[in-house]
Amino acid sequence: MPRHLTELSNVQEFLDEVRLRPGMWIRGSSLQHLDSMLLGYGIATAVHGVEDNFDFWSPGDQGRFAHWLWQRLGRHSSLGWATEIEREAQQLDVPAIELFFTLLDEYRQECRPTEG
């Protein structure tokens, strides 16, 4: 069931909302747009001194998700995770947003502690 933004406590919960209705959050289902949103989130948390276990960006680094993705794909890219997932999706002939969430689930399973 979709929730209001004020009910969310972290970026992982926000991504769960995006998964429910990607067309509402991401123009054209572009991972580049999602990447921009996440970058803005990361910058805002840094500027405001908010502690968050943020996997998609840190100052001077692409973030833990990107490092995991490079290992998963067996290559590195300076273009960023969004571009590489879009390229991979095109090769596999699947929607990029669908592949992103499949990879995010794998990442969460392998790298994120279970909450609760």
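Buried means under 20% relative accessible area. That cut-off is used throughout these legends to this predicted model.

Figure 1. The chain has six helices and zero strands. Read along the sequence, the pattern is α-α-α-α-α-α. The C-alpha atoms fill a box of roughly 40 × 30 × 25 Å along the principal axes. A compact globule with 116 residues would have a radius of gyration near 13 Å, and the chain has 14 Å, which agrees. Of the 116 residues, 39% count as buried. Take the contacts between residues at least 6 apart in sequence: 46% of them join residues at least 24 apart.

**Figure 2. The surface and charges of the chain.** The accessible surface comes to about 7,000 Å². Carbon and sulfur atoms hold 52% of that surface. The chain carries 10 positive and 18 negative charges. How far apart are the mean positions of the positive and negative charges? They are 2 Å apart.

**Figure 3. Helix 4 and its buried residues.** Helix 4 covers residues 64–73. Which residues of helix 4 are buried? They are Phe65, Ala66, Trp68, Leu69, Trp70 and Leu73. Their cover includes helix 5 (81–92) and helix 6 (96–111). Gly74 follows helix 4. The phi of Gly74 is positive, near 75°.

**Figure 4. Leu73 in helix 4.** Leu73 belongs to helix 4. Is Leu73 buried or exposed? Its relative accessible area is 17%, under the 20% cut-off, so Leu73 is buried. Leaving aside residues up to four places away in sequence, Leu73 touches Glu84 and Glu88. Glu98 sits 25 residues from Leu73 along the chain. The C-alpha atoms of Leu73 and Glu98 are separated by 16 Å.

**Figure 5. A tilted ring pair, Tyr41 and Phe54.** The structure holds 13 aromatic pairs. In one of them, the ring centres of Tyr41 and Phe54 are 5.2 Å apart. Their planes meet at 40°. Why is the pair called tilted? An angle under 30 degrees would count as stacked and one over 60 as edge-to-face, so 40° leaves the pair tilted. The pair links distant parts of the chain, 13 residues apart. Tyr41 lies in helix 3 (residues 31–47), and Phe54 lies in the loop between helix 3 and helix 4. Tyr41 is partly exposed, with a relative accessible area of 27%. Phe54 counts as buried, at 8% relative accessibility.

**Figure 6. An edge-to-face pair, Phe65 and Trp81.** The ring centres of Phe65 and Trp81 are 5.7 Å apart. Their planes stand at 90°, which is over 60 degrees, so this pair is edge-to-face. Phe65 lies in helix 4 and Trp81 in helix 5, so the pair ties together parts 16 residues apart in sequence. Phe65 is buried, with a relative accessible area of 0%. Trp81 also counts as buried, at 2% relative accessibility.

**Figure 7. The aromatic cluster.** Ring pairs link several residues into a cluster. Which residues does the cluster hold? They are Tyr41, Phe54, Phe56, Phe65, Trp68, Trp81, Phe100, Phe101 and Tyr107. Phe65 and Trp68 are also among the buried residues of helix 4.

Terms used. Residues numbered from 1 in each chain as written. Predicted model: local features only at pLDDT ≥ 70, side-chain atom pairs only at ≥ 80, totals over all residues. Heavy atoms only, no water. Helix = DSSP H or I, 4+ residues; strand = E, 2+ residues; numbered from the N terminus. Buried < 20%, exposed > 50% of the residue type's maximum accessible area, 1.4 Å probe, protein only. Contact = heavy atoms within 4.5 Å. Phe/Tyr/Trp six-rings, centres within 6.5 Å; stacked < 30°, edge-to-face > 60°. Rg over C-alpha atoms; globule rule 2.2 N^0.38 Å. Areas by Shrake-Rupley, 256 points an atom, 1.4 Å probe, with all protein chains shown as cover. Lys, Arg positive; Asp, Glu negative; His and termini not counted. Charge placed at Lys NZ, Arg CZ, Asp CG, Glu CD.
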